[in-house]
Amino acid sequence: MKTKLNYTLILLLSLSLLTGCDKGFDEVNINKVDPTSLAPSLVLNKAIVSTTYLDGGSTLGMLTYTFPIVQQIITPYGSSLSGGNYNQNNNGNTPLVWTNFYRNVVKQLIAVLDQTKGDPLQVNTYNAARIWKAYAFMILTDTYGDIPYVEAGQGYTTEIITPKYDPQQDIYKDILKELEEASAALDPKQPAVVTDILYGGNVANWKKLGYSFMLRAAMRLTKVDGTTAQAYVKKAVAGGVFQSNADNSTIRHTAIYNNYIANHLAAREKTNFYLAAPFVNYLKDNNDPRLAVFAVRYVGAKGGPEQVPARASSDPAVQIGMPVGYNDVTITSTFAANGVASLWDYSQVNLTTVLALDAPEFHITYAQVQLLLAEAAVRGWVAGTAADYFAKGIRANMEQMASYRSPIPEAAIKAYLDAHPLDMGKALEQINTQYWVASFLDGSEAWANFRRSGFPALKKNPYPGSEIKGDFIRRLPYPDSEIVVNSAQLNEAVKRQGPNDLDTRVWWDK
């Protein structure tokens, strides 16, 4: 009886202790400094940052494809660095933009839109996300053509895990609609979203950004739908596009939060990438003062260890771009003719100016806007003279060099403009070649506008191991992962668009 009593007392005591420990258990075990959800405005910031090639994969995608295709930056090396330099399909690099955007940017934007739609207090975050979504999908569809659009990013919300591929023509139609509606719907009467990473919640600037993206999107259609292009160019101008460099869409960096392309080159790839000869020669032949900001040459370097500050020169007169069409073995045949000691003696992107660790990155600029307006003026779509827009675009990009702590003197800007007026007989070539320069380090935009306009008049990369039938790579193939997990939808896109290779043109590239 005593034993039974003892067991009873122990059981009661245990229950009492358990009840006491459980009191306030839920509150004690909540980590109050590690949030389980984020404000939509902060998720939008994450999407914006992810768009600027924050991860190394997408940075490598630009370095191996868009930059060498437009012959601005190139590497003679193959293996993991091959791609546009050899006109080859490197299926380790072609999916990188797709992977980053769908796994990060699109996922984050869909989350923001889902959380803010219909909330009158989140009107500006909602419409800013619509603007950024339009921009992100422009990059995706310009890179791959027909892509998942309407059903993209729905895996977490509606459980659509095999989204259909939409025709690029339909995607652009909706992008223009979204930019028009979202830009108009931004409400300056709402309290500013001060955490906004681009403009600190300045609605006027976001409106100008939306209409500037609309101008860019409209001009993509010049070959395939001039009527729609003209209509939306007019709408963009009426809405109000960028008016100065102060409006530029910019990601700012610091000594702690680094420019990722700069960090990637400085830390891992410093000796592997060089300025391409067509880009250097164009700037040099035209006495362009931007060359001194863009370029550095380690004169006489015979190896990576000799690329030291004592050899560094930004003097335009000594810059020598690397010829296109060579690998790290055959490049040796170019040394004598070009007067270099080794491949390490060719000019590179300057890691103390445009690719300093704290150098800004730009999504769209006043210079680009003015040059697009110059072309629109040539076509008779906007008021004003093409020559005036052209000069303003060049000046804006030269003045933009001040953001790299390398301001170009006014006298040098004026001298260049005086020596290079717009010739209406070759206006489209001049305008779009300047757009090529103004888009330096914005690889996706430089490649897209090159395909659309046909300028600059680059020569075909003569690499003997080329895998393309045409002169230039027109798109990147879909990832192998899509063949595995979404093959039915991908096959429909291929049937509609053309072979899944580097030669197939996207809809607007006729």
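V485 lies in helix α19, which covers residues 480-485; helices here are DSSP runs of H or I with at least four residues, strands are runs of E with at least two, and both are numbered from the N terminus. The model is a predicted one, in which local features need pLDDT of at least 70 and side-chain atom pairs count only at pLDDT 80 or more, while totals for chains, interfaces and linings use all residues. Residues are numbered from 1 along each chain as its sequence is written, and side-chain values use heavy atoms, with hydrogens and water left out.

V485 is exposed, and its relative accessible area is 52%. The term exposed stands for over 50% relative accessible area, buried for under 20%, and partly exposed for what is in between, with a 1.4 Å probe and protein chains only. Together with I483 and V484, V485 forms a nonpolar patch on the surface, and the three residues have about 300 Å² of accessible area together. A patch is made of residues with over 30% relative accessible area and no salt bridge, where nonpolar side chains (Val, Leu, Ile, Met, Phe, Trp, Tyr) are joined within 5 Å and like charges within 9 Å. A salt bridge, in turn, is a side-chain nitrogen of Lys or Arg within 4 Å of a carboxyl oxygen of Asp or Glu.

The loop between α18 (443-453) and α19 contains P456. The peptide bond that joins F455 and P456 is cis, with omega at about 5°.

Two further loops hold residues with a positive phi. E159, found in the loop between β2 (147-148) and β3 (165-166), has a positive phi of about 60° although it is not a glycine. E159 is exposed, at a relative accessible area of 68%. R405 is not a glycine either, yet has a positive phi of about 60°; its place is the loop between α15 (386-400) and α16 (410-419). R405 is exposed as well, with a relative accessible area of 59%.

Is S406, by contrast, buried or exposed? S406 is found in the loop between α15 and α16, and it is buried, with a relative accessible area of 15%. Leaving aside neighbours within four places in sequence, S406 is in contact with V293, T353 and M401; contact means heavy atoms within 4.5 Å.

V318 belongs to the loop between β7 (312-313) and α13 (335-338). V318 is partly exposed, with a relative accessible area of 24%. Not counting residues up to four places away in sequence, V318 touches K284, R297, V299 and S313. The C-alpha atoms of V318 and Y298 are separated by 9.9 Å, the two residues being 20 apart along the chain.

The protein as a whole has 20 helices and 9 strands, and its C-alpha trace spans about 110 × 55 × 50 Å along the principal axes. Of its 510 residues, 55% are buried. Among the contacts with a separation of 6 or more, 74% are between residues 24 or more positions apart. The accessible surface comes to about 21,900 Å², and carbon and sulfur atoms account for 56% of it; such areas come from the Shrake-Rupley method with a 1.4 Å probe, and for residues only the protein chains shown count as cover.

The side chains include 46 positive and 47 negative ones, and the centres of the two sets lie 1 Å apart. Lys and Arg count as positive and Asp and Glu as negative, whereas His and the chain ends are not counted; the place of a charge is taken as NZ of Lys, CZ of Arg, CG of Asp or CD of Glu.
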